Amino acid sequence: MLIEIILVILIGILAGIFTGLIPGIHINLIALLILSSAPALLSVTSPLMISIFIISMSITHTFLDTIPSVFLGAPESSTALSVLPGHKLLLQGKGYEAVMLTLIGSFLALILAICLAPLISIIILTIYSTLKKWMALILITSSAFLILKERKSKMWALIIFLTSGVLGITTLNFANLTNPLFPLLSGLFGTSTLIISLSEKTKIPIQKITFPIISKNELSKVMSCSLLAGGLCSFLPGLGPAQAAIIGSSFYKKITDRGFLILVGRLNTLNMVLSFLALYIIDKARNGAVITISKIMEKITINELIIFFGVSLVVGSIATVLTIKIAKIFANIMSKINYQKLIISVISLIVLMVFIISSQFTGLLILLISTFTGMLPVKLGIGRNHLMGCLLLPVILYFIL
């Protein structure tokens with residue numbers, strides 16, 4: 001059994017490298033494909049092995065997905081906010097350093113989540129039943145907080161939130177549209193950013209292989225606020241790491257760009273690990289990967305949860321080494337390649353994947369509309385986090401209605 005687990009972990013890591021480095025290919029997409037193929041897979045392997053594969057892929061993904069976010073400007077919803085501070089460092093020749101900052105956050109989050117799992121379990125069991133009754137109000141308050149925190153224009157922030165929300169509701173209820181979140185999120189946070197980068201004709205300077213320097217005081221701030229923010233995005237549906245990072249950082253006025261990158265990295269991995277814990281404690285799945293595990297495994301036992309945590313720790317250690325190596329490769333080649341041609345290639349790949357996976361022309365229509373919607377915040381000079389109204393508004397209406 002040990003050899004089988006090791007083999008499945010290695011295959012999962014390879015899948016995580018693929019999803020983490022290729023913009024537009026998300027772990028939720030692979031998880032859904034696994035779910036649709038479950039009968040065939042279960043004839044040759046066990047539910048536990050399939051779950052270990054998904055966990056290995058997911059943890060690896062959370063470590064590596066900031067590489068395209070920083071170097072290509074092609075983020076997912078969970079890393080959307082890392083683009084601005086990460087891109088600043090990239091244009092200073094410090095893209096490698098930006099990735100290392102998120103890596104520090106991811107690895108520390110993994111250790112922290114596993115160590116604090118018993119305490120977090122007690123807290124969840126104590127407050128979740130009460131929290132559930134007030135879920136709609138909490139989500140409305142969180143959304144309002146993010147809108148009111150917008151410095152440039154609160155009115156435009158509200159308009160963007162509602163516009164993306166209506167787009168999300170329409171997309172999720174579109175008849176015969178398969179994998180609706182794929183074209184929706186790819187447009188809002190992927191192709192929109194890539195097109196803007198293409199139009200600006202960005203020239204990437206030679207990248208330096210430098211390691212980040214961050215004070216203990218800054219690191220302690222990030223660690224403390226990530227606990228609260230991590231709890232929010234792990235147990236409140238529709239609230240992702242990007243939004244939780246803003247809420248968490250609001251408790252400290254002087255978190256630097258470097259500290260913020262650590263925070264985004266921490267929350268991305270923390271959200272994934274705590275999702276496994278939430279599935280065990282309250283039987284609630286928070287993302288596509290965990291939903292697939294919940295469908296394949298009828299009941300998660302404490303022994304299986306311990307295996308999940310053990311696998312996460314092993315995979316996280318391997319992913320740390322991989323991230324260092326791959327980020328160094330990206331840093332060395334970025335100034336030598338044609339950035340515009342690279343962006344066009346990535347956009348073409350996303351369009352092709354949407355055409356194949358999401359009902360062909362219907363998916364392309366959603367991708368087109370969401371791409372233009374995703375460009376609005378940049379043109380208006382406001383935070384792109386308001387685009388997460390595409391998920392928050394449907395979830396709020398679900399709890400109210």
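Colleague: How many disulfides does the count come to?

Modeller: A disulfide is a pair of cysteine sulfur atoms within 2.5 Å. By this rule the count here is zero. This is a predicted model, in which local features need pLDDT of at least 70 and side-chain atom pairs count only at pLDDT 80 or more, while totals for chains, interfaces and linings use all residues. Residues are numbered from 1 along each chain as its sequence is written, and side-chain values use heavy atoms, leaving out hydrogens and water.

Colleague: Is Cys 115 buried or exposed?

Modeller: Read the relative accessible area: buried is under 20%, exposed is over 50%, and partly exposed lies in between (1.4 Å probe, protein chains only). Cys 115 has 57%, so it is exposed. Cys 390 is at 0%, so it counts as buried. Across the protein, buried residues make up 56% of the 401 residues.

Colleague: What does the secondary structure come to?

Modeller: Helices (H or I, at least four residues) and strands (E, at least two) are DSSP runs, numbered from the N terminus. Here there are 19 helices and zero strands.

Colleague: What share of the contacts joins residues at least 24 apart?

Modeller: Contact means heavy atoms within 4.5 Å. Take the pairs at least 6 apart in sequence: 82% of those contacts join residues at least 24 apart.

Colleague: Which residues have the most contacts inside the largest nonpolar core?

Modeller: In soluble globular proteins, nonpolar side chains tend to be buried together. A nonpolar core is a set of buried Ala, Val, Leu, Ile, Met, Phe, Trp, Tyr and Cys residues joined through side-chain atoms within 4.5 Å. The largest one here has 107 residues, and Ile 52, Ile 59, Ile 67, Phe 71, Leu 277 and Ile 293 have the most contacts inside it. Helix α14 (residues 257–282) gives the most to this core, with 16 residues.

Colleague: What is Ile 293 in contact with, leaving aside its neighbours within four places in sequence?

Modeller: Its partners are Ser 51, Ile 54, Ile 55, Phe 276, Leu 279, Ile 300 and Phe 308.

Colleague: Where is Ser 58 found?

Modeller: In helix α4 (residues 47–64). Ser 58 is at 0% relative accessibility, so it counts as buried. Not counting residues up to four places away in sequence, Ser 58 touches Ile 27, Met 272 and Ala 289.

Colleague: Which residues does Leu 90 touch, not counting residues up to four places away in sequence?

Modeller: Start with its place: Leu 90 sits in helix α6 (residues 83–91). Its relative accessible area is 0%, so it is buried. Leu 90 touches Val 70, Phe 71, Gly 95, Ile 204, Pro 205 and Gln 207, with residues up to four places away not counted. Leu 90 and Lys 208 are 118 residues apart in sequence, yet 9.5 Å apart in space, C-alpha to C-alpha.

Colleague: Now the loops. Where is the place of Leu 177?

Modeller: In the loop between α10 and α11 (181–199). Leaving aside neighbours within four places in sequence, its contacts include Ser 358, Ser 359 and Ile 366. Ser 359 is in the loop between α17 (339–357) and α18 (361–380). At 24% relative accessible area, Ser 359 is partly exposed. The C-alpha atoms of Ser 359 and Pro 180 are separated by 9.0 Å, though the two are 179 residues apart along the chain.

Colleague: Which residues form the nonpolar patch on the surface?

Modeller: Patches take residues with over 30% relative accessible area and no salt bridge (a Lys or Arg side-chain nitrogen within 4 Å of an Asp or Glu carboxyl oxygen). Like charges are joined within 9 Å, nonpolar side chains (Val, Leu, Ile, Met, Phe, Trp, Tyr) within 5 Å. Here Met 155, Trp 156, Leu 158, Ile 159 and Leu 162 form the patch, with about 450 Å² of accessible area together. Such areas come from the Shrake-Rupley method with a 1.4 Å probe; for residues, only the protein chains shown count as cover. Leu 162 lies in helix α10 (residues 154–172) and is partly exposed at 38%.
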